[in-house]
Amino acid sequence: MAKNSQMASAVHIVCFVAYAGEEGTTSEAIARSLQTNAVVVRKMLKLLEGEGLVELRQGKNGGVVLARDPADITLGQIYKAVEREEGVLSMRSQVSPRCPVARGMRSLLPAVFGSANEAVQDSLSRTTVAGLLSAIP
């Protein structure tokens, strides 16, 4: 299975914007830091803006700034903005209804996955952007 690095990219983006300070930065500068295309960054910025984490400014002197203090932005909030799936772990949508293993997994795994997803969210909610920035040399 492929690993999803969307959350890592989103955290990188928010930290980069926070590091830039009140003057803000541009999607092009963020893209250079992530070594990706600015279009990819702009899509992510729209998701972050939708959750009230960043402000996008249009026009000649446009760019992006944080909408809140870095101490008030948690990784849990960033996760909510960019990850559209309910939790890290989820059930397969289609399995054989005749298979006893498939039926068993359908009844057993939701509780296990639910606990794991809650633990992830709790952990992410304890880490702030300010906390991450304070550890950058």
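Cysteine 99 is partly exposed at 28% relative accessibility, where buried means under 20% relative accessible area, exposed over 50% and partly exposed in between (1.4 Å probe, protein chains only). Cysteine 15, in contrast, is buried, with a relative accessible area of 10%. The count of disulfides is zero, a disulfide being a pair of cysteine sulfur atoms within 2.5 Å.

The model is predicted, with local features requiring pLDDT of at least 70 and side-chain atom pairs counted only at pLDDT 80 or more, while totals for chains, interfaces and linings use all residues. Residues are numbered from 1 along each chain as its sequence is written, and side-chain values use heavy atoms, with hydrogens and water left out.

Helix α1 comprises residues 6-20 and helix α3 residues 38-50; helices (H or I, at least four residues) and strands (E, at least two) are DSSP runs numbered from the N terminus. The two helices pack at an angle of about 80°, with their axes 10 Å apart; axes are lines fitted to C-alpha atoms, for helices over the stretch in contact, and angles run from 0 to 180 degrees between N-to-C directions. Helix α1 is therefore roughly perpendicular to α3, a term covering 65 to 115 degrees. Contact means heavy atoms within 4.5 Å. On the α1 side, Gln6, Ser9, Ala10, Ile13 and Val14 meet Val41, Met44, Leu45, Leu47 and Leu48 of α3.

Buried residues of α1 include Met7, Val11, Cys15 and Val17. The buried residues of this helix pack against α2, α3, β2, α4, α5 and α6. Just after α1, glycine 21 adopts a positive phi of about 85°.

How values were computed:
Angles under 35 degrees count as roughly parallel, over 145 as roughly antiparallel, 65 to 115 as roughly perpendicular and the rest as oblique.
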